[in-house]
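Please find my notes on this model below, as numbered points.

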Amino acid sequence: AVEAAALEAIADMPDVVGEAKLTLERFADSGIDYALRYFISDTMRGQQVDGEARVRLWHSFARAGTEV
């Protein structure tokens, strides 16, 4: 569920190119840490793209009922 929600969140972002990948990084004290890796077409827009991705992730997880 987490992987589907994360990949769906950024699937139609125009600045994201190629295939994104979600990996489980570690089991933390109060949850599980994941990393979402993706390539962007314009590195000068890196902060804007990352910010948009985070907002989209938050909304996607909220719709899926996944607690952040």
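1. Asp-15 has a relative accessible area of 15% and is therefore buried, where buried means under 20% relative accessible area, exposed over 50% and partly exposed in between (1.4 Å probe, protein chains only). Its salt-bridge partner is Arg-45, with the closest N and O atoms 2.8 Å apart; a salt bridge here is a side-chain nitrogen of Lys or Arg within 4 Å of a carboxyl oxygen of Asp or Glu. Arg-45 lies in the loop between E2 and H2 and Asp-15 in the loop between H1 and E1, 30 residues apart. Arg-45 is partly exposed, at 31% relative accessibility.

2. This is a predicted model, in which local features need pLDDT of at least 70 and side-chain atom pairs count only at pLDDT 80 or more, while totals for chains, interfaces and linings use all residues. Residues are numbered from 1 along each chain as its sequence is written, and side-chain values use heavy atoms, with hydrogens and water left out.

3. The salt bridges number 5. One of them joins Arg-56 to Asp-12, at 2.6 Å between the closest N and O atoms. Arg-56 belongs to helix H2 and Asp-12 to the loop between H1 and E1, 44 residues apart; helices (H or I, at least four residues) and strands (E, at least two) are DSSP runs, numbered from the N terminus. Arg-56 is partly exposed at 24%, whereas Asp-12 is exposed at 55%. Asp-12, Glu-52 and Arg-56 form a network of salt bridges.

4. Which residues of H1 are buried? They are Ala-5, Ala-6, Ala-9 and Ile-10. Seen down the axis of H1, these fall within an arc of 115° and so line one face of the helix; the arc is that of the directions from the helix axis to the C-beta atoms. The face turned away from the buried side carries the exposed residues Ala-4 and Glu-8. The cover over the buried residues of H1 includes strand E1 (16-28), E2 and H2.

5. Ser-60, in helix H2, is buried at 4% relative accessibility. Beyond its neighbours within four places in sequence, Ser-60 is in contact (heavy atoms within 4.5 Å) with Ala-5, Glu-8 and Ala-9.

6. Helix H1 (2-10), strand E2 (31-40) and helix H2 (46-64) each supply at least two residues of the lining of the largest pocket. E2 gives the most, with 6 residues.
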